[in-house]
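Open the model in your viewer and keep the selection tool at hand. This tour goes stop by stop.

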Amino acid sequence: MFYSQRDAYGEALLELGKQDERILALTADLSSSTRIDKFAKKFPERFFNLGVAEQNAVGVAVGLALEGFIPFLSSFAVFIPGRCFDQIRVSVCQNKANVKLVGSHLGFSNSGDGASAQSVADIGLMRVLPEMVVLSPADANEVRGAVAAMAAYQGPVYMRMSRSKTPLLTRKGKKFRIGQTETMCRGKKLTIVGTGPILAKALAVANRLNAEVINCSTIKPLDTTTIISSVKKTGRVLVLEEHSIFGGLGAAVAEFLSQEYPVPLKIMGIPDVFGESARDPEELYQKYGLTEEKIEEEGVRLIKS
Amino acid sequence: MLSVITNLPVSKLETKAREIRRQVIKMVYGAGSGHPGGSLSSTDILAALFFGGGLRFNSQDLNDPRSDRFILSAGHVCPAYYAVLSKCGFIKEKELANLRQLDSRLQGHPSSLHAPFVACSTGSLGQGLSVGLGMALASRLKKGNHFIVVLTSDGEHNEGSIWEVAMAAPHYRLGNLINIIDRNGMQVGGKTEEQIGLEPLASKYKAFGWQVLLVNGHDYRELLRAFCQAKESHLKPTVIIAKTIRGRGVSFMEEKKRYHACTLTKREYERAMGELR
């Protein structure tokens, strides 16, 4: 079963909007790409298109949040946060404004447009900011839960999601708890900490590796308790993400484990490149080593180490 | 009814402004750093807003939802803002000595995380006006009658985000948004027109669809008349371009590059305080 995260986002936001009048949908001229057009149609007075002007859009969201509304500002992850980091740093985070930022088209999921549209650094940008919560759901079901959790949480949140239709990996209707991982399968030889839809590839090889797979859908705050207890059991860890190998979940896990419980660790993600055009994302996963075969290979190497 | 401190006659506003200017000099001298030039150029605008009736607010409760909102987008001129809030009774005069000190509520740039009386953290230029636009939309959603007043600097208008607001505010027909530009003609590197020229500033705003009012930013009558006129606009946001003199009130600081941001010497401090007696 496959479902698109952005479709789920649009549907969840619409539902939320029906229940809570404080929910607003904002965008920088990407309402249909981020699937908030349904919300816009149903609640035109609570929808704001700020045009192709992300810096202003972030500030506007802050103003609305400071007045008690809960604005969800959606764009592509390369633009929000990429284009307006300083507005997020000062206007959002230094006000602890109740702004929800949603960046679509993570990693290679927009294969056609190439490097300028491929978001390899958004997790890194957001997790270094004090006050910011960073979410990266594994599938469409988790996006639905995350949207509700974002609205219930008081403070800035960033969520990234994919453009593609991706496999459903988690149970529908499960409550999303910010800061809590889910152990997707048990294993003894290796801990795989993964985030986003690419987790499907880890799950496919987990049995063969006797690996425990942890779905880390909150990058910040990191669920250190679950990670360390699994790693104490397995003694080695592989981190998997569709993000630069620098600054993302891999960095977060390495920062934590290297100081608290050092074990052999491998970060698998997008190497230090910007990406490029391809007919579909799979070609990019092949070229940059984000395949099941590669994960298995690295897993075996770690286990032998 | 909102209790109002305000609507002081012009002669009283002049006295208030002198007291605020004295505080600014004291604070910047005491802190060992700060931005006296812009603080002094915007003092009369702030006095007219807070004590002349330009801004409608509850003197007992800064967070009264019926109040006009005020955002200091040019956050670096906050010594003047803190001095005004102190005169309103929201900050004890003694606390003003804590400007820029460790653990102080009076951060070098206003921070709502440190101080509840700061409506919005600013200091990175070009951001407060966007927040003001969001507040103006919120006011409309809530069917509020209040206005959103944002004080920007002219140098700040180099920031592209300012022009994103310039485009968006008339599109949303936000007659409840007022941008006051402290047009002192200088920025950190020197004269604004020698950095990246802003003129013709009024025509630019006019072309974007704003009501544009030009005033002498040290003339209370002109300022108060402009505030009234701005509040009568229903569908157009208003920009008040207030021509000012940087360092106004202290002769040796006026239009001198050094006093954008500096450490004041004891001699400078004493001379300035002498002039502001």
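The domain bounds used here come from an automatic or database domain assignment. Keep in mind that this is a predicted model.

**Stop 1: the two domains of chain A**

Select residues 2–167 of chain A for domain 1, then 182–304 for domain 2. Their centres, taken over C-alpha atoms, are 25 Å apart. Now look at where the two domains touch. Domain 1 of chain A puts 28 residues into this contact, and domain 2 of chain A puts in 30. On the domain 1 side, colour helix H5, strand S6 (133–135) and strand S8 (165–167) of chain A; these are the elements that give two or more residues. That side has 13 nonpolar, 11 polar and 4 charged residues.

**Stop 2: strand S5**

Select residues 100–104 of chain A, which form strand S5. Is this strand enclosed or open? All 5 of its 5 residues are buried, so S5(A) is largely enclosed by the rest of the structure. Check both faces. One side carries Lys100(A), Val102(A) and Ser104(A), and the other carries Leu101(A) and Gly103(A).

**Stop 3**

Find Ser74(A): it stands opposite Val102(A) in S5(A). Next, show helix H4, residues 85–92 of chain A. S4(A), H4(A) and S5(A) together make a right-handed β-α-β unit.

Which residue of S7(A) is the bridge partner of Gly103(A)? Pick Arg160(A).

**Stop 4: the contact with chain B**

Show chain B. The contact takes 22 residues from chain A and 21 from chain B. On the chain A side, helix H3 (54–66) and H4 are the elements that give two or more residues. H3(A) supplies the largest share, 9 residues. By class, the chain A side has 10 nonpolar, 9 polar and 3 charged residues.

**Stop 5: helix H9**

Select residues 249–260 of chain A, helix H9. This helix has 12 residues and reaches 16 Å from its first C-alpha to its last, close to the 16 Å expected. Its buried residues are Leu249(A), Gly250(A), Ala251(A), Ala252(A), Val253(A) and Leu257(A). What covers them? Show some of the covering elements of chain A, including helix H5 (122–127), helix H8 (224–234), strand S13 (237–244) and strand S14 (265–270).

Methods. Residues numbered from 1 in each chain as written. Chains lettered and ligands numbered in written order. Predicted model: local features only at pLDDT ≥ 70, side-chain atom pairs only at ≥ 80, totals over all residues. Helix = DSSP H or I, 4+ residues; strand = E, 2+ residues; numbered from the N terminus. Expected span 1.5 Å × (residues − 1). Buried ≥ 20, exposed ≤ 12 C-beta atoms within 10 Å, placed from the backbone. Contact = placed C-beta atoms within 7 Å. Pairing = 2+ DSSP bridges. Right-handed = clockwise from strand over helix to strand, strands pointing away. Nonpolar A, V, L, I, M, F, W, Y, C, P; charged D, E, K, R; others polar.
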